[in-house]
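Please walk through this model with me. Keep the sequence and the 3D view open side by side.

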Amino acid sequence: MLPVGNPAIGNDFINREKEISLILSFLEKDSVLLIAPRRFGKTSIMRKLEKELSDRGEICVFLEVENVNSPHLFLSEIIMALIENEKLEQKTKLIPAFKKGFNWFKENIEEIGISVFKAKLRGNIQKDLESNWMDISKQVFDIIEEAESSIYFIIDEFPIAIEKMNQKDGEEFLHWFRKLRQISVNLRFIVGGSVSIDRVVREVGGMAVINDFARVRIGGFTRKIALDLIEKVFEEEDWEYETPLGDKILECIGENYIPYFIAIMLSAIKEEKILRGGKINAELIENIYNFRILGNEGKHYFEHYYRRLRINYESFEEKAAKAILKKVCEVDYYSIDLAYDIYKQQTAIDNYEQFKDLLANLSNDFYIEDYHENKLNFHSKILKDWWRIYHGGVE
Ligand SMILES: Nc1ncnc2c1ncn2[C@@H]1O[C@H](COP(=O)(O)OP(=O)(O)OP(=O)(O)O)[C@@H](O)[C@H]1O
Ligand SMILES: [Mg+2]
């Protein structure tokens with residue numbers, strides 16, 4: 001059975017060959033930004049890349065920076081992850097250079113138990129960087145550049161860390177990071193996260209601070225991959241599989257076929273089988289979708305989308321966005337002209353460019369799909385179904 005929420009690794013990780021090879025080919029020249037909504041499988045892809053690169057003998061460090069809220073903590077995490085990487089010692093002379101250049105390894109802390117050692121080391125690095133992160137990190141990266149080996153940094157939840165920094169720190173850090181990528185030929189960064197980086201940098205530093213990244217958009221699974229995955233799990237669980245069952249599951253989830261929701265559906269089926277036994281049929285699948293996915297399990301997931309409008313949008317935009325989405329969820333497509341009427345009504349602003357900015361944000365944050373032919377629709381069927389139940393309503 002697939003994990004429901006944790007990254008899919010090892011045998012659970014399926015497909016994504018195209019995305020992986022695209023990312024690897026970009027990495028020859030550029031750093032890479034992964035763009036995808038929540039739960040589409042970014043971390044799983046990042047973990048897979050970490051494995052592929054490490055298997056090739058590359059130095060590759062993975063860090064999750066969700067709890068980082070300042071440049072000095074960010075850099076401490078990078079340095080710490082690097083020092084902990086086994087290949088660093090085998091392939092480079094960086095550790096002796098760090099020992100020589102900095103006071104981090106003082107007090108014979110190597111001799112103490114390994115976890116105490118790590119905690120002390122991390123503490124020493126943080127203290128050092130806190131006093132003057134820009135100068136010290138320059139010294140650090142001057143040393144790293146001497147490594148004569150490529151180093152790959154995979155950084156998950158990057159936009160959240162930037163969002164948590166105060167405005168000044170965030171700007172300084174993004175400019176510094178941009179410059180680092182420019183001058184360091186042996187470093188590559190693969191950066192991703194579950195909130196829109198474009199929106200975050202628009203407030204802090206502007207698009208120029210990330211315009212060098214090659215962008216890779218991660219979509220849902222194709223229909224074929226999704227069906228194969230469902231069949232694979234049915235086989236593993238020893239459940240009888242027929243194509244109409246796979247079709248039914250996908251009919252409920254709808255496009256985009258989001259890996260996480262396939263996993264939730266399958267695990268809910270498993271729970272049903274354990275608790276009540278019996279045969280899996282279309283009716284059971286439909287009930288699971290309506291009462292679990294759109295009920296309890298989905299609530300926690302989708303509330304985030306609703307709440308985020310208050311947190312991340314100006315209040316006049318939040319008001320307009322909610323009024324527009326309330327209409328869009330009720331129909332197949334909603335006309336942009338009607339949406340503009342709502343915008344004007346709600347905000348008392350008659351400015352088409354500002355209205356288009358709001359639509360662009362809603363599209364970047366994966367509420368609506370990239371609109372064409374003047375028609376609006378939700379990005380995913382599930383979010384649309386959920387919105388209709390909890391926030392819809394035709395007046
Ligand atoms: N390649 C894959 N193969 C199989 N299942 C997958 C794959 N990618 C994602 N999943 C499913 O989706 C779930 C979420 O995956 P993952 O944590 O990688 O997504 P994410 O985009 O990083 O999520 P978040 O936005 O919350 O950080 C996994 O628990 C798994 O059920
Ligand atoms: Mg993730």
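What follows moves from the domains to the ligand, then to helix packing and the backbone.

This is a predicted model, in which local features need pLDDT of at least 70, side-chain atom pairs count only at pLDDT 80 or more, and totals for chains, interfaces and linings use all residues. Residues are numbered from 1 along each chain as its sequence is written, while chains are lettered from A and ligands numbered from 1 in the order in which they are written.

Start with the domains. The protein chain is assigned domain 1 (15–217), domain 2 (223–302) and domain 3 (313–391). These bounds come from an automatic or database domain assignment. The centres of domain 1 and domain 3, taken over C-alpha atoms, are 36 Å apart. Their contact takes 4 residues from domain 1 and 5 residues from domain 3. Contact here means that C-beta atoms, placed from the backbone, lie within 7 Å. On the domain 1 side, the touching residues are 1 nonpolar, 1 polar and 2 charged. Ala, Val, Leu, Ile, Met, Phe, Trp, Tyr, Cys and Pro count as nonpolar, Asp, Glu, Lys and Arg as charged, and the others, Gly among them, as polar.

Now turn to ligand 1. Its shell holds 24 residues, where a residue is near if its C-beta atom, placed from the backbone, lies within 6 Å. Gly41, Thr43, Ser44, Ser194 and Ala263 come nearest. Domain 1 and domain 2 each give at least three residues to the shell around ligand 1. Helix H2 (42–55) and helix H13 (259–276) each supply at least two. Helices (H or I, at least four residues) are DSSP runs, numbered from the N terminus. By class, the shell around ligand 1 has 12 nonpolar, 7 polar and 5 charged residues.

H13 also packs against another helix. Helix H11 (residues 223–237) meets H13 at an angle of about 25°, with axes 11 Å apart. Axes are lines fitted to C-alpha atoms, for helices over the stretch in contact, and angles run from 0 to 180 degrees between N-to-C directions. H11 and H13 are therefore roughly parallel to each other. Angles under 35 degrees count as roughly parallel, over 145 as roughly antiparallel, 65 to 115 as roughly perpendicular and the rest as oblique. The crossing of H11 and H13 is right-handed, meaning that the near helix is turned clockwise from the far one by less than a right angle. Ala226, Leu229, Ile230, Val233 and Glu237 of H11 touch Ile262, Leu266 and Lys270 of H13. That contact has 6 nonpolar, no polar and 2 charged residues.

Next, find helix H5 (residues 94–101) and helix H7 (residues 133–145). They pack at an angle of about 150°, with their axes 10 Å apart. H5 and H7 are therefore roughly antiparallel to each other. Their crossing is right-handed. Leu94, Ala97, Phe98 and Gly101 in H5 meet Gln139, Ile143 and Ile144 in H7. The contact of H5 with H7 counts 5 nonpolar, 2 polar and no charged residues.

Helix H15 (residues 315–328) and helix H16 (residues 336–347) form another pair, at about 140° with axes 9 Å apart. The crossing of H15 and H16 is right-handed. H15 contributes Phe316, Lys319, Ala320, Ala323, Ile324 and Lys327, and H16 contributes Ala339, Ile342, Tyr343, Gln346 and Thr347. These divide into 7 nonpolar, 2 polar and 2 charged.

Finish with the backbone. Most residues other than glycine have a negative phi, and most peptide bonds are trans. Asn15, not a glycine, has a positive phi of about 60°. Asn15 sits in the segment before helix H1 (17–27). The peptide bond from Glu255 to Asn256 is cis, with omega near -15°. Asn256 lies in the loop between helix H12 (243–253) and H13.

Definitions and conventions. Two residues are in contact if their C-beta atoms, placed from the backbone, lie within 7 Å.
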